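This briefing is meant to be read beside the sequence and the structure. Please have both in view before going through the points.

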Amino acid sequence: MIAVAEESQLSQRPAQPDSIVASLDGINKNYGDIRALRGVDFGVHAGEVVALLGPNGAGKTTAVKLLLGLMQPNSGRVRVFGGDPTNPENRMRTGAMLQVGKVPETLRVREHIDLFSTYYEHPMPLAEVLAATGLEKLSDRKFGDLSGGQRQRVLFALAICGDPDLLFLDEPTVGLDVEARRLLWDEIRRMVDRGKTVLLTTHYLQEADALADRVAVINQGEIIAQGTPAEIKAKTSGKRIRCITSLSVASVRQIAGVSDVKEDREALEIHAVEAEPVVRELLARDARLSGLEITSAGLEEAFLALTQDSARNGINRTEFTESRHPRPKETQ
Amino acid sequence: MSTATLALSTARIERSPSHTATIYLKEIKYEFLKNLRLRMYTASVLSFPLMFYVLFGLVLNAHQMIGGTSVPTYLIGTYGPFGVMGASLFGTAAGLASDRGLGWLQVKRASPMPPFAYFVAKIVTSMIFSGFVVLALFALGVLFGGVRMPVLLAVRALGTLVIGSLPFSAMGLALGYFAGPNSAPPMINLIYLPMSFCSGLWVPIMFLPKVVQQIAHALPPYHLSQLALGIVGGGQHEPSATHWEVLAAFTMICLGVARIGFQRDQEKMYG
């Protein structure tokens, strides 16, 4: 695990141990009997964008709240800027976007921003915050009159208005439509261009792929893989072939290069390292094969495979990350 | 096990006094604006005492007397505390329960906001709205009820009632820490309305059954209204020091309970 993380750092930028701005070290966090985080080691380096990727309930929000000092771990060490996350000095240098059920609805956009800006020593000018978040025209609107996407942008504005060095974004684009999501991505990228360090959590795999230098996949409280988006994808490289055929699952499984076959409604879904030889063989065996589709295994596939593997095998993380890499996928 | 437990209480941010003052003032300003624009708050909580006053003090009994005091004057001393209590309980408990339960307080806590500013804003805002209700009662009484008294007495009554908002803000904070975001408003009403009745805020205390009159002595609104009535005329002639002591003790108890809630929240999040 650590090996993978460091490798990716080396390939991206020189890794300096002192450049870690936020870290979780051997973190265990329980809610009663539920083990929300189990032995999590995780660090964010200055200037990078890290995505914590995982399904709902994986422990992403818990990790963010620990890093914000809103919770304490049962064991392990949380460090932000080399100190305690609850240190008010650190709060001056961090901005946070959390999932909120209800924000005071009768205050206007500019009023919310004005109040939060006041908390900081050197806030961005209001006009700049509004421009950076595309809220200029909405600044006089009351929060309650905004759409979901606009509300997320206000919460984002509150996170950045203090011009913090480190941004925690918990599911920044959850519930947004495609266009609103892209707008927010652009805004996050702009913050990165200004030299900010960003930790974002997401269960949108595409989002991690689009924004992050490094991705940590988290499932059931454990980090099961870390690396660049490319590395994560490489872990389950390959293509997905879908077709309607009279061939049996068992016989398709015999074809060289096929790693997995599933029946999906009327069609077969075949995973293969390379598509072309498998397709050639399929067409040779079944001349009436139809509905052929080939897609590359995106981060989504990688993610599913990774989480399924860890769930199926109950493997420990070290073994997983060290031996998983070139291992051919077993059929299910 | 965890290394970072109590840093919160020790570490502080070095801010200039003027910056700190600005934060507190803005926190109060926006808390005030937030509530002012909340129909639920202004239209119901603040206007109920005024409506009652108009109906029972100006329309129905305007020319009657209670003890040597005209009804419109007397009722300022009862609907005043009634309005103060509503403004303060709803101004603190409802917002706190919602902010706590629905995540907004966490966003604020993750920011460098001085934690105390949040509570001070709620308390001061409740005092401001309490003052508005009392002023409105006086205005109605003077304009339509023939209420006449030296300005100094009116100012004393106003000051007393505004300070009298504190016990109920403290009670609201305590409630806000133990009520859920949705259960807070009904819970407040469940306490607010019976307590007001039993304290003689709706029907003058001497017209209530003896048992209720006994109970009233244990209720903070009774003591606040007796302080106000003692100024405008028509009080029970008990020593006002006793009333202040009861209110002060009640405030301390409520703040103690609120503190337990605050710590329970911290531990839930920090433990």
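The points below go from the whole chain to its parts.

The model is predicted: local features need pLDDT of at least 70, side-chain atom pairs count only at pLDDT 80 or more, and totals for chains, interfaces and linings use all residues. Residues are numbered from 1 along each chain as its sequence is written, while chains are lettered from A and ligands numbered from 1 in the order in which they are written. Chain A has 13 helices and 13 strands; helices (H or I, at least four residues) and strands (E, at least two) are DSSP runs, numbered from the N terminus.

**Chain A as a whole**

- Of the 332 residues of chain A, 46% count as buried. A residue is buried if 20 or more other C-beta atoms lie within 10 Å of its own, exposed if 12 or fewer, and partly exposed in between, with C-beta atoms placed from the backbone.
- Among contacts in chain A between residues at least 6 apart in sequence, 70% join residues at least 24 apart. Two residues are in contact if their C-beta atoms, placed from the backbone, lie within 7 Å.
- The domain assignment divides chain A into domain 1 (2–234) and domain 2 (238–296); such bounds come from an automatic or database domain assignment.
- The centres of domain 1 and domain 2 of chain A, taken over C-alpha atoms, are separated by 41 Å.

**The sheet S11-S12-S10-S13**

- In chain A, 4 strands form an open sheet in the order S11-S12-S10-S13, with antiparallel pairing. Two strands pair if DSSP finds at least two bridges between them.
- Strand S11 (258–264) and strand S13 (290–296) of chain A each have a single partner strand, so one side of each has no neighbour in the sheet.
- From one strand to the next, the twist averages 15 degrees. Axes are lines fitted to C-alpha atoms, for helices over the stretch in contact, and angles run from 0 to 180 degrees between N-to-C directions.
- Strand S10 (residues 239–244) of chain A pairs with S13(A) in the antiparallel sense over 5 bridges. A:Arg240 has A:Thr295 in S13(A) as its bridge partner, and A:Ile241 has A:Ile294 in S13(A).
- S10(A) also pairs with S12(A) in the antiparallel sense over 5 bridges, and there A:Arg242 has A:Glu269 as its bridge partner.
- Helix H11 (residues 275–285) of chain A lies across S10, S11, strand S12 (267–272) and S13 of chain A, at about 15 degrees to S10(A).

- S5(A) and strand S6 (residues 166–170) of chain A pair in the parallel sense over 4 bridges, with A:Thr94 opposite A:Leu166 in S6(A).
- In a regular strand the side chains alternate between the two faces of the sheet. From strand S5 (residues 94–97) of chain A, A:Thr94 and A:Ala96 point one way, A:Gly95 and A:Met97 point the other way, and all are buried.
- A:Val50 is in strand S3 (residues 49–53) of chain A. A:Val50 is buried, with 23 other C-beta atoms within 10 Å.
- Leaving aside neighbours within four places in sequence, A:Val50 is in contact with residues including A:Val44, A:Leu199 and A:Ala212.

**Helices H6 and H7**

- The axes of helix H6 (residues 148–160) and helix H7 (residues 178–193) of chain A come within 10 Å and cross at roughly 10 degrees.
- H6(A) and H7(A) are therefore roughly parallel to each other. Angles under 35 degrees count as roughly parallel, over 145 as roughly antiparallel, 65 to 115 as roughly perpendicular and the rest as oblique.
- Residues making the contact include A:Gly149 and A:Phe156 of H6(A), and A:Leu184 and A:Met191 of H7(A).

- 33 residues of chain A are in contact with 33 residues of chain B.
- H4(A) gives the largest share of the side of chain A that touches chain B, 6 residues.
- In H4(A), 10 of the 11 residues are buried, so the helix is largely enclosed by the rest of the structure.
- Cover for the buried residues of H4(A) includes helix H5 (126–132) and H6 of chain A, together with helix H2 (17–36) of chain B.
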